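Work through the exercises below with the sequence and the model side by side, and try each task before you read its solution.

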Amino acid sequence: MNPPLIDGSSLLFTIFAAITCLSAVAVVVAQTVVRMAFWLVLSLGSTAALFFLADADFVGAAQLLIYVGGTLVLLVFGVMLTASGPYLKIATSPGETILGAAVALLFLFVVFSAVSGVEWPAATQAPASLAAPAGNTLRPLGLSLLGTRPDLDLPDSDQLSPGYLLPFEIVSVHLLVVLIGAAYLARAKRRNTP
Amino acid sequence: MKLFLRLRNSPAGCLIQQNRIEAQRNLRGGWLQSRGASVIFPEDRRWSYSFCESLPGQQAFSKQRNMWATQTIAGFLEKYCSGYFPEFVGPNFQYVLAAIIHAVLLVHAFALSPAVFIWLERKVSGRIQDRLGPTRTGGLFGWLQSLADGIKLVQKEDLCPPAADSLLFRSAPYFVCVASFAAFMVLPFSSGWVAVAADCGLFIILAILSLEVFGIIMAGYSSGSKWSLFGGMREAAQMVSYEIPLAICALVPVIAAGSLNLGEIGGMQRGGIQNWFLFHNPFAFIAFFVYFVVATASCKRAPFDLAEAESELVGGFHTEYSGIRWSFFFMGEYASMFAVCGIASVLFLGGWNTGIPPLDDALYVARNASATGEGSAIVGYLANVLGAFVFVTKASFGVFVQIWLRWTLPRLRIDQVMTTCLKYLVPISCFLFLGATLWPLLLATASQRSSWTPDPLGNRTAAEIREAARVSTNTATPAQASLAPAAKATIQ
């Protein structure tokens, strides 16, 4: 069988990566805050699509729910509740533009040199025991958050591989504290009437 | 060679994946079954409650998912087309064609359901208000009324107010529409009839439905009108708040099932109405009604539609819209009504299972037999068609109840809407979630049982595993054997 002319997944990857990058640039170029939010949605949404392409279903869905859904709605609410007039504009001075571009280019250089320094064929070959069925990573993830890694266990040893129970608990208690704190700060103030 | 990775998980992709999954299963040897369940819940099976009992069920279901492959689109293409055009019908072509077929089917489900429900809304509201509703267009009962409406809306001028931000104003309806369309991607219509059989399907569907808010905020903000802005703000605040109890209530049956895969959750409720998760525990029973109320509100339907109130007030976030863009908002609304009712029917009401034990078992046997090649493929297909019919009937009944409520109940004030959610529904759903986690432990302590219904979930999933094991010993059907070389070639 002849190899196909276009590899489907790399074509999709190219499309979504292009959308991600171009709308990230558009976020910087745009002047209105809500337009920036619009481009940011496109950028983050395509990032979620890249996660789905890489078989990371859970991360992709979390990206959609938390970044695109949560953070952005929060951002837009913040803008809408604090803006003094309609269509708040943010104009950057030339100095800021040059400084920002320099920082961004430096960062791009660091990332590019780091990526090109890795020997990819060796790094992407995961051991067979770690390979999950495509996209169906939810159960291994859940079990490892419960503190067991059955996928790492050797078949004939009784030693259990440790999971991430402690970090998981710390994060959940932290979130609970944040939630209670937010409710405390946002509560209606009682008047001091006798 | 990398292929369309996402399609691997769909039934269409399974066929080509078959060898690979087989190999992985041998490598990892059902570690969930042997390790996971026994590690967390040692020894006594009586004490292990349904969450862990359902863990081994995964094996059975993933086996079943592989068996579906023989009935799916890619399998059909491989079997019947590649003989004639071997140079064109390669694996890549199959994936593309299967993806197109899935997408076209879903677009039709997405576009036709609003047409039907808008007609239903007009008829039901007419009857409730002692009118007839549409009677002329298309003859009997005015069933072509939605099409006439659509043609009228397409013809209207596509207005954009001068004060509006035109890019955002024009693209906002598509956001709403695409978000509710994408939800259909992971919604199973029958056993195995799903475009993407993702393991975290419920999570994905809730995440996608939550994106609809953004289109509404954009529409409200970019219209350049204070009415739109107010409407958009209220709508957004309402939808964001109601997402929380929606997700928590959806988790109550997930605790019982131990899975976020909508296909698996539906399959577990086979064999009688008492096996539906609605009756799995008292908390799930209440959670269903809370879920339904919250789903109604998150679709911005009456009695929670003050932000819009399109029949009396200005019209909320879509005040400035006209023509086809206006109708996109309503297509999105009716489609997401169907989507949330579909989720409710999969999670609580048994999905595509009929609820009649002999019929359910017969359909299950027919599906399995045709999947393994022991029985007729057409019978299995018809069983799935019946399943899809049952599913669509359940979901449509949910939509009918939403319509019924809209024309019966008075509207809540916006502060009452927010109070209902934040002060009542969120605590209630948290209580139900907690109760659903404690219930199996309580039941196990008090009565040494894992379920109060006669047929515990664990027994059912165990039966599935036995069945799958029996089937996997004689799976080497002619269709699969002929496919093995192609699958190998794909993986290289």
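**Exercise 1: a loop residue**

Task: find where B:Asp130 lies and decide whether B:Asp130 is buried or exposed.

Solution: Begin with the place, which is the loop between α7 (91-128) and α8 (145-155) of chain B, where helices are DSSP runs of H or I with at least four residues, numbered from the N terminus. This is a predicted model, in which local features need pLDDT of at least 70 and side-chain atom pairs count only at pLDDT 80 or more, while totals for chains, interfaces and linings use all residues. Residues are numbered from 1 along each chain as its sequence is written, and chains are lettered from A and ligands numbered from 1 in the order in which they are written. Next, count neighbours: B:Asp130 is exposed because 6 other C-beta atoms lie within 10 Å, given that a residue is exposed with 12 or fewer, buried with 20 or more, and partly exposed in between, with C-beta atoms placed from the backbone. Finally, phi of B:Asp130 is near 65°, a positive value in a residue other than glycine.

**Exercise 2: a second residue of that loop**

Task: describe B:Phe141 by its place and its phi.

Solution: B:Phe141 is also in the loop between α7 and α8 of chain B, and its phi, near 60°, is positive although the residue is not glycine. With 15 other C-beta atoms within 10 Å, B:Phe141 is partly exposed.

**Exercise 3: the whole chain**

Task: what share of the 492 residues in chain B is buried?

Solution: Buried residues make up 53% of chain B.

Technical notes: Helix = DSSP H or I, 4+ residues; strand = E, 2+ residues; numbered from the N terminus.
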